[in-house]
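Here are some notes for a colleague who is opening this entry now. Please have the sequence and the structure at hand while reading.

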Amino acid sequence: ELYAQNAVVVMNRKSAPEFIGLKNANGTPIFYEQYKEGKNDTLSSMIVIYDDTMPAYEDAAAGDIVVLIGDLKRYLGITHTNYDIRLEDKITQKGYTGYYFETMAGGNVMLPEAFVPIKKK
């Protein structure tokens with residue numbers, strides 16, 4: 001419960017249809033498509049964040065994580081801000097300039113208990 005108030009649902013947007021039509025014990029739908037009104041979709045009142053790098057439910061193998069529920073404030077994202085930009089013009093035509101750009105990014109879960117992975121059966 002400590003992390004539930006900040007929890008969000010992370011899934012591939014192709015997985016969303018799997019949740020449309022699901023209802024709670026009272027018969028109330030638990031998934032609301034609200035993007036047409038300029039709002040985030042919600043699942044059981046948690047904001048849905050679409051991450052298309054996660055496997056879509058229909059394409060996932062048994063045991064793959066298809067949904068992640070968690071408090072993203074308990075995730076540490078790191079971006080290296082010292083950029084290395086070099087001009088390299090070995091392949092372009094006259095009048096065009098090519099640039100090589102490099103950076104590092106990563107992250108790590110700080111509190112694993114703040115996340116619940118949902119796997120496909």
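The points below go from the overall fold to single residues.

1. The model is a predicted one. The protein chain holds zero helices and ten strands, and from the N terminus on its elements run β-β-β-β-β-β-β-β-β-β. Of its 121 residues, 23% count as buried. The accessible surface of the chain comes to about 9,100 Å², and carbon and sulfur atoms account for 54% of that area.

2. Contacts along the chain. Take the contacts between residues at least 6 apart in sequence: 63% of them join residues at least 24 apart.

3. The sheet. Six strands make an open sheet with mixed pairing, and their order is β2-β3-β4-β1-β5-β10. The edges are β2 and β10 (residues 115–119), each of which pairs on one side only. In general, the strands of a sheet pair through backbone hydrogen bonds, in either a parallel or an antiparallel sense. For β1 and β4 the sense is parallel, and the pairing runs over three bridges. Methionine 11 stands opposite tyrosine 50, a residue of β4.

4. The nonpolar core. Which residues make up the largest nonpolar core? There are twelve: Ala7, Val9, Met11, Ala16, Phe19, Phe31, Leu43, Met46, Val48, Ala60, Val66 and Val67. The elements that give two or more residues to this core are β1 (8–11), β4 and β5 (65–70). In soluble globular proteins, nonpolar side chains tend to be buried together. Phenylalanine 19 is one of the core residues. Leaving aside neighbours within four places in sequence, phenylalanine 19 is in contact with Met11, Phe31, Leu43 and Val67.

5. Ile47, Ile49, Leu72, Tyr75 and Val109 make a nonpolar surface patch of about 370 Å². Isoleucine 47 is found in strand β4, which covers residues 46–50. The relative accessibility of isoleucine 47 is 37%, so this residue counts as partly exposed. Strand β4 is also among the elements that give two or more residues to the core of point 4.

6. Salt bridges. How many salt bridges does a search of the whole structure find? The search finds two. Side chains of opposite charge can pair when their charged atoms come close.

7. Aspartate 71 forms a salt bridge with arginine 74, and the closest N and O atoms are 3.5 Å apart. Is aspartate 71 buried or exposed? Aspartate 71 has a relative accessibility of 1% and therefore counts as buried. Arginine 74 has a relative accessible area of 28%, so arginine 74 is partly exposed.

8. A buried serine in a loop. Serine 15 is found in the loop between β1 and β2 (31–32). Serine 15 counts as buried because its relative accessibility is 1%. With neighbours within four places in sequence left aside, the contacts of serine 15 are Pro55, Ala56 and Tyr57.

9. Two serines to check in the backbone. Serine 44 is not a glycine, yet it has a positive phi of about 50°. Serine 45 also has a positive phi without being a glycine, in this case about 65°. Serine 44 is found in the loop between β3 (42–43) and β4, and serine 45 is found in the loop between β3 and β4 as well. The relative accessibility of serine 44 is 38%, so this residue counts as partly exposed. Serine 45 has a relative accessibility of 70% and therefore counts as exposed.

Technical notes
Residues numbered from 1 in each chain as written. Predicted model: local features only at pLDDT ≥ 70, side-chain atom pairs only at ≥ 80, totals over all residues. Heavy atoms only, no water. Patch = residues over 30% accessible without salt bridge, like charges linked within 9 Å, V, L, I, M, F, W, Y side chains within 5 Å. Areas by Shrake-Rupley, 256 points an atom, 1.4 Å probe, with all protein chains shown as cover. Salt bridge = Lys/Arg side-chain N within 4 Å of Asp/Glu carboxyl O. Helix = DSSP H or I, 4+ residues; strand = E, 2+ residues; numbered from the N terminus. Buried < 20%, exposed > 50% of the residue type's maximum accessible area, 1.4 Å probe, protein only. Core = buried A, V, L, I, M, F, W, Y, C linked by side-chain atoms within 4.5 Å. Contact = heavy atoms within 4.5 Å. Pairing = 2+ DSSP bridges.
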